[in-house]
Amino acid sequence: MAGGTKKPWDRRRLRLQSLQRDIRTSAGLLQADLGKRIGADQSFVSRYERGDRRLDLVDLEQICGACGISLTALVAAYKKDQAAPKRR
């Protein structure tokens, strides 16, 4: 981006990527482990955790289930972070 300006949705995407990685690691899973649980390879998991691939709702629900968390809980964590006051 010109001048290093970040769009508001860039921060939201980064937060979602972070949450996706957090639910996997909290479940004690490596990327390859999660890939096996969802019928994908490790590179699929790596690509979406890096933001190189976007997930649809079906993918996200499957990933959450494989990590032992509901999609609702993931969305709640995401929304909670969005509502937190920003520190300066």
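Which helix gives the largest share of the lining of the largest pocket? Helix 1 does, with 4 residues. The model described here is predicted. The chain contains 5 helices and 0 strands, and its elements follow the pattern α-α-α-α-α along the sequence.

**Overall fold**

- Of the 88 residues in the chain, 30% are buried.
- Where contacts join residues at least 6 apart in sequence, 51% of them link residues at least 24 apart.

**Largest pocket**

- The volume of the largest pocket is about 250 Å³.
- Two or more lining residues come from each of helix 1 (8-26) and helix 4 (57-66).
- The lining is formed by R13, L16, Q17, Q20, Y48, G51, R53, R54, L55, D56, L57 and L60.
- By residue class, this lining comprises 5 nonpolar, 3 polar and 4 charged residues.

**Nonpolar core**

- In soluble globular proteins, nonpolar side chains tend to be buried together.
- The largest nonpolar core in this model has 16 residues.
- L34, I63 and L74 are the residues with the most contacts inside this core.
- At least two core residues are supplied by each of helix 1, helix 2, helix 3 (42-50), helix 4 and helix 5 (71-83).
- Helix 4 makes the greatest contribution to the core, giving 4 residues.

**Helix 2 and its surroundings**

- Helix 2 spans residues 31-38, and its buried residues are Q31, L34, G35 and I38.
- These buried residues line one face of helix 2, because they fall within an arc of 105° when seen down the helix axis.
- The exposed residues K36 and R37 lie on the face of helix 2 that is turned away from the buried side.

**Contacts of L34**

- L34 is one of the buried residues of helix 2 and is also among the residues with the most contacts inside the largest nonpolar core.
- When neighbours within four places in sequence are left aside, the residues in contact with L34 are R24, L29, V45, Y48, I63, A66 and C67.
- One of these partners, I63, is likewise listed among the core residues with the most contacts.
- Another partner of L34, Y48, also belongs to the lining of the largest pocket.

Technical notes:
Residues are numbered from 1 along each chain as its sequence is written. This is a predicted model: local features need pLDDT of at least 70, side-chain atom pairs count only at pLDDT 80 or more; totals for chains, interfaces and linings use all residues. Side-chain values use heavy atoms; hydrogens and water are left out. On a 1 Å grid over the protein atoms alone, a cavity is a set of points where a 1.4 Å probe fits but cannot get out, and a pocket is an open set with protein on both sides within 12 Å along at least five of seven lines; lining residues have an atom within 4 Å of a point. Grid points are joined across faces, edges and corners, and a volume is the space filled by probe spheres set on the points. Ala, Val, Leu, Ile, Met, Phe, Trp, Tyr, Cys and Pro count as nonpolar, Asp, Glu, Lys and Arg as charged, and the others, Gly among them, as polar. Buried means under 20% relative accessible area, exposed over 50%, partly exposed in between (1.4 Å probe, protein chains only). The arc is that of the directions from the helix axis to the C-beta atoms. A nonpolar core is a set of buried Ala, Val, Leu, Ile, Met, Phe, Trp, Tyr and Cys residues joined through side-chain atoms within 4.5 Å. Contact means heavy atoms within 4.5 Å.
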